[in-house]
Every structure is written in structure tokens, then in C-alpha cells.
Amino acid sequence: ESPAPPPTVLSLASAPLCVRAAGWVRGLARASARHGIMDSPGTPTGKAEKQGNHKKNEPIRTSDWMAGAHVGGYSVTIDVRTPAEWEEDHVPGSINLPVLSHEQRHEVGLLHKASAFEGRKLGASLISRNIGDIVEREFMDKPREYKPLVYCWRGGQRSGSLATVLAAIGYRVSILEGGYKGYRATVGAALLNLPSTFEWRVLTGPTGSGKTKILIHFEAQEHQVLDLEGLANHRGSVLGSRKEGQPSQKLFESRVAAKLSAFDPSRPVWVEDEASLVGNLHVPPEVFDAMKTAVRYNVILPVDERVRWTLEEYAELTRQPEHLKALLSKLVKHQGHKVIGEWHATIDAGDYAGLVKSLLELHYDPANSRSIRERRAKYNPEVLDLPLSALDPATLNSEIPASIFALTPGGPRLPTREANAPSLPCEPDCRCGKCRRKAREA
């Protein structure tokens, strides 16, 4: 029996195939017939292609991926960059299977500067060993029908190397055209252009009124919700940090863009009233601008229910009294040492309901009221009250009118925006830190 013919080299320019050759290999040789890979676009060579079991597998365009072309089409999205690169930002839902570690990539880069040839040799050696580990660890139990989508920084050398091996095994694998760099450009375009295509609805109201819980309820009812606090992993206040920490700004933006890309412009998008910062992360400017003038639904909840919900939401802090004291001490410039000392004493006494009530009365409610007044003065949004007696699902279903989910006939009202509107004074009986200091000075 004569040996199989040697594979032929495919140029990168003419290879919209299941793989694009890694730069350091310079292309797959002509694929053998048993893999069903094509010599040129639309020209099948293998039996499987001729029988129609495999279709031509082109690198998918990043824009198509963001528009949802990947849904149902790929078994997994693989990011082959280093763990550090993946941690900073990645395609939502992707897994990290690095073909080079951070240290290995740095070593190859330094050698490549001195000699491109030597650098490529070292890169090929390290990548080959790492790919062997990846195949043994991740693909031994995967069937032939498993369809990976692979990407690296630019959709070239690192992703092409893994795709080459997976295609040789028999998987139909695609490379994300443009790699992470192209994907990131698409994220920027989505954040710039998509927010203005939606009609936004903003849930506003004082701290403890259950805005996040209401949004979760809305999402469970299949309404469109952009949960900025969830995506930022922060509850938006001095007590709002979570032990897992926040994602990077880039990853936060990727999460927001992915949500926006999945929304239907013919239905409203709900969001919680937020400042421009959620923890340490900036809300994308176009999203924040859309929120400023959107119709607002002001949640009105009894104080006792607000206290109960706040204790439920921040239950972990009641188990860490010293940590809670340290967080509250950050408010000393707003509340003064006397009030902070009283709050610490309340913690020592275990009266967390009393602590929450005092925090709402002295700090959160005045600050929230002032912020809402300033936004109303500057952007003049329409504000509608949403009174609720409780936050359990049955109450929300019965007390939230279905009319709030309908699009505004003729499109949303565009409020008059005053670019330099002055801040409004506090109410006569306001007890915010600023007003109490003025009263003491008087």
C-alpha cells in the first residue's frame, strides 16, 4: 500500500478553512482527504465533504459572533491567551486553555527580539508540549461532533497552532477572525451605538427599597434587564463590595456589551438608578447618558420592610462586626466621629436593625434624595411612583401593573436637558451630614 501523500502548504490569504495556519508553522500542508479539509474555498477534497457530512468551516467574523451567530453553532469558545490576559478580559462564556504561560510568552518574546528564527523555534517547542497537555486533559472525552471556536490576541499564531492540531484530529474548529483585538473593537462599537436603540426604564428609590430584587424578579419574568451591579459584582455603596472582588473595567464592558447585544429594541430595557461609578468601575458613558433622561419608576416601600430587606441583603456583614465597623469608619468625613461612634456601639450591642434604620435615616436617604433632586433638575426625566407593600414574588406580581412593561406610544418622551443646572438645596428638615454641620455651626 502506497503511503499517504504529503500535505500541501496553504497560504493564510486563501485559507478560510477549519483552521488558519499558525504563523510559526506557516500553514497546514494540504489536508488529507480523511479530515475533509478543502484545498480552496468551496473545493471539497475528503469523502466526508463529498457526502455532505462536513460543511466548509470559515473563520467566523467577530461582528457575526456578537450578533449571536455563535448560538447553537459552537460547543465551546476557547481563549488560548495567558491566564493574566484572560483575567483582564475575555469573550463572555469562554474558557482559558493557554498554549503559553505568561512566563513562557515573555521568554519567547525576548528571544524573538534577538532572533525571530530562534524565537519561533522556542515558541513551537513550548506550544507543542502545552497543546499535548490540553488535548489529553480536555479533548480525550469529546466526540467528533464537538465544535470549538478558538481565539488569541489577533487570531493568528497561538489560536492557529491549537486549531491546526484539533483539525488534524478531526474536529471542525473555527478561529475568531481578528482574535481578541477584533472582538474588543466590536465591544467598543456595541457600547457606542446600541444604548441609543433602546427605550430605557430606570428603577429608582431609596436604599433598601429592593431595586435589585425587583430587577431579578423582572428578569425571571423574561423582561429585559441590565443588572449593572451584578455585572460589576458590587452593590453600589460603601458597604457594597463582595469578597470575590470586581472584574476589570474591560471585562465589565464586555459583560455589558454582551447583554446589550442580546436585547430586542422592540422591548424596554430595565436598569437600576446608578451613579457613574459602580464600586470602582465606570458605567459606559453611552449607557449612563441613556439612563439620565429615561423614565423613572420610584419604588416606595415601608421603612420596616426596607430594614428587613437590607438585613437580608447584607447578612454577611452582621457576621463580621469588626469589618463592618471599618467600613462605616470611612463615612467619618460625612457623619462625624460622634455618629460613627454611636454606630459602632450599636454594632457591639448586636442591634443591627437599629443600625440599619439609623444608616438609612442619617446617611443613605439624605444622600439619595439630594442625588435624585439634582438629576431631576438637570435632566427633567419623567418620574412615576411605584408603591409596594413587600418584595416577595406574589406581592410583586399583584402590585406591579403590567402597563409599565409596554413601549411608550410614539416613542419615549425626550426630556429637556439643562447642561449647567444648579444643585437644588436640601429640604428644610434634611438630616444629611452637610445640613447637620450647618446646623451645628449656626
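A: Gladly! A word on names before we start: helices and strands are DSSP runs, numbered from the N terminus, and a helix here has at least four residues. Keep in mind that this is a predicted model.

Q: Which helices supply at least two residues each to the lining of the largest pocket?

A: They are helix H8 (211-220), helix H12 (303-313), helix H15 (332-348) and helix H16 (352-379). H16 gives the largest share, with nine residues.

Q: What is the volume of the largest pocket, and which residues lie nearest its centre?

A: Its volume is about 1,100 Å³. The lining has 37 residues, and Thr207, Gly236, Ser237, Tyr364 and Asn368 lie nearest the centre. By class, the lining holds 16 polar, twelve charged and nine nonpolar residues.

Q: Now the sheet. In what order do its strands run, and is the pairing parallel or antiparallel?

A: In general, strands of a sheet pair through backbone hydrogen bonds, in either a parallel or an antiparallel way. In this model, five strands make an open sheet, ordered E6-E7-E5-E10-E11, with parallel pairing. Strand E6 (224-226) and strand E11 (383-387) are at the edges with a single partner strand each, so one side of each has no neighbour in the sheet. On average, neighbouring strands are turned by 30 degrees against each other, direction ignored.

Q: How many bridges join E5 and E10?

A: Strand E5 (residues 200-204) and strand E10 (residues 295-300) pair over four bridges, in the parallel sense. Look for Val202, which stands opposite Arg296 in E10.

Q: Where does H8 lie relative to these strands?

A: H8 lies across E5, E6, strand E7 (269-272) and E10, and runs at about 160 degrees to E7. H8 also supplies at least two residues of the pocket lining.

Conventions: Residues numbered from 1 in each chain as written. Predicted model: local features only at pLDDT ≥ 70, side-chain atom pairs only at ≥ 80, totals over all residues. Heavy atoms only, no water. 1 Å grid on protein atoms, 1.4 Å probe; cavity = no way out; pocket = protein on both sides within 12 Å on 5 of 7 lines; lining within 4 Å. Points joined across faces, edges and corners; volume = space filled by probe spheres on them. Nonpolar A, V, L, I, M, F, W, Y, C, P; charged D, E, K, R; others polar. Pairing = 2+ DSSP bridges. Axes fitted to C-alpha atoms, helices over the stretch in contact; angles between N-to-C directions. Contact = heavy atoms within 4.5 Å.
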